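Morning, everyone. Please bring up the fold on your screens, and we will walk through the sheet and then the helices.

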Amino acid sequence: MSITSRTIVTGAGGFIGKRLIGQMQAAGIPSFGWTRDVGDLADAVRVAEVIAKVKPTVIYHLAARSPESKDFNWCVAAEEVVMFSNLLQASPPSCVLIVAGSMGPTGEIMVPMGSLTHSIAVEMFHEQAEGLKDGGADVLWVETISAPEEYAAAAEACGLAGMPWCGTMSFDT
């Protein structure tokens, strides 16, 4: 493993992580992409080894599973807390850790085809946004939403929470 960067991006194999690494490289910013091949973020010893080698000044923590994932359960959520804790404990005090909090789709269909209204969707996303904000997220990551109306509701909720956000949309063909 060749490590020449002082910036780590966890979740570098994911949609946002790949693009962040690409943008950083295009801008001439050396970056180290942490994928599952590098090691398990839940393994405190491995996290400490990699961070000791990289000596990062910035970590973008994007690795996570959303509640919509088929393999999600509360044990997975607890593991994500362990991953975050491992990064915090192993990082040098001067390192900036930037955490993206994931907000996925509601799983409901917006009106007029479904029953989910804009105001209820905003309320649902706002609750998520406030929880992620309270939990220490630096930026909200709105992902895998296919309905523009639901995306607009998520954007409004991020604004209500006073949080910066980025997002992706998914389209079935």
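Two strands pair if DSSP finds at least two bridges between them. This is a predicted model, where local features need pLDDT of at least 70, side-chain atom pairs count only at pLDDT 80 or more, and totals for chains, interfaces and linings use all residues. Residues are numbered from 1 along each chain as its sequence is written, and side-chain values use heavy atoms, leaving out hydrogens and water.

Strands (E, at least two residues) and helices (H or I, at least four) are DSSP runs, numbered from the N terminus.

Six strands make an open, parallel sheet, in the order 2-1-3-4-5-6. Strand 2 (32-34) and strand 6 (165-169) are the edges; each has a single partner strand, so one side of each lacks a neighbour in the sheet. Twist averages 20° from one strand to the next.

Look at strand 5 (residues 139-145). Four bridges join strand 5 to strand 6, and the two run parallel. Trp 141 sits opposite Cys 166 in strand 6.

Now the helices. Helix 2 (residues 44-54) packs on the sheet, in contact (heavy atoms within 4.5 Å) with strand 1, strand 2 and strand 3. Its direction makes about 175° with that of strand 2. Angles run from 0 to 180 degrees between N-to-C directions; axes are lines fitted to C-alpha atoms, for helices over the stretch in contact.

Last, how do helix 4 and helix 5 cross, at what angle? The axes of helix 4 (residues 118-134) and helix 5 (residues 148-160) come within 8 Å and cross at roughly 45°.
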